[in-house]
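Subject: A structure for you to look at

Hi there,

Here is the structure I promised to pass on. Please open it next to this email, and follow along residue by residue as you read.

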Amino acid sequence: MVNVFPIAHHKGSAGEELAAMGAMKAAGAVAFPTDGLPVMNARVMRRAYGVSRASYDLPVIQHCED
């Protein structure tokens, strides 16, 4: 038997705005990924890291790509 934990997806695929992190955590999400696409906007990523840590204490899983 294994435990399966849900991770929440970001809003859209443009990486321009944060999704409803609080609602996703309330629904059981244990992390916030960028879903296989890099977020090219540094302000959005900085906000995602800050909000996820300060408000929800959940990690952001970043898809790094050059």
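Let's begin with a serine. A polar atom of the S52 side chain lies 3.1 Å from the backbone oxygen of Y49. This is a polar contact, meaning a pair of N or O atoms within 3.5 Å; within protein, one must be able to donate a hydrogen and the other to accept it, and residues adjacent in sequence count only if both atoms are side-chain atoms. S52 sits in helix α2. Helices (H or I, at least four residues) and strands (E, at least two) are DSSP runs, numbered from the N terminus.

Before going further, please keep in mind that this is a predicted model, where local features need pLDDT of at least 70, side-chain atom pairs count only at pLDDT 80 or more, and totals for chains, interfaces and linings use all residues. Residues are numbered from 1 along each chain as its sequence is written, and side-chain values use heavy atoms, with hydrogens and water left out.

Is S52 buried or exposed? S52 has a relative accessible area of 2%, so it counts as buried. The cut-offs are under 20% relative accessible area for buried, over 50% for exposed, and partly exposed in between (1.4 Å probe, protein chains only). Leaving aside neighbours within four places in sequence, S52 is in contact (heavy atoms within 4.5 Å) with M21, F32, D57, L58 and V60.

In soluble globular proteins, nonpolar side chains tend to be buried together.

Now for D57, another contact of S52. D57 lies in the loop between α2 (42-56) and β2 (60-61). At 51% relative accessibility, D57 counts as exposed. D57 has a positive phi of about 55°, although it is not a glycine. Most residues other than glycine have a negative phi, and most peptide bonds are trans.

Which residue does D57 meet in a salt bridge? The partner is R53, at 2.3 Å from N to O. A salt bridge is a side-chain nitrogen of Lys or Arg within 4 Å of a carboxyl oxygen of Asp or Glu. Both D57 and R53 are exposed, and a search of the whole structure finds one salt bridge.

Next, look at I61 in strand β2. I61 has a relative accessible area of 41%, so it is partly exposed. Not counting residues up to four places away in sequence, I61 touches I7, A31, F32, P33 and T34. I61 and I7 are 54 residues apart in sequence, and their C-alpha atoms are 9.2 Å apart in space. I61 also forms a nonpolar surface patch with F5, I7 and V30, with about 340 Å² of accessible area together. Patches are made of residues with over 30% relative accessible area and no salt bridge: like charges are joined within 9 Å, nonpolar side chains (Val, Leu, Ile, Met, Phe, Trp, Tyr) within 5 Å. Accessible areas come from the Shrake-Rupley method with a 1.4 Å probe; for residues, only the protein chains shown count as cover.

Finally, step back to the whole protein. There are two helices and two strands, in the pattern α-β-α-β along the sequence. Of the 66 residues, 24% count as buried. The accessible surface comes to about 4,800 Å², of which 55% belongs to carbon and sulfur atoms.

Happy exploring!
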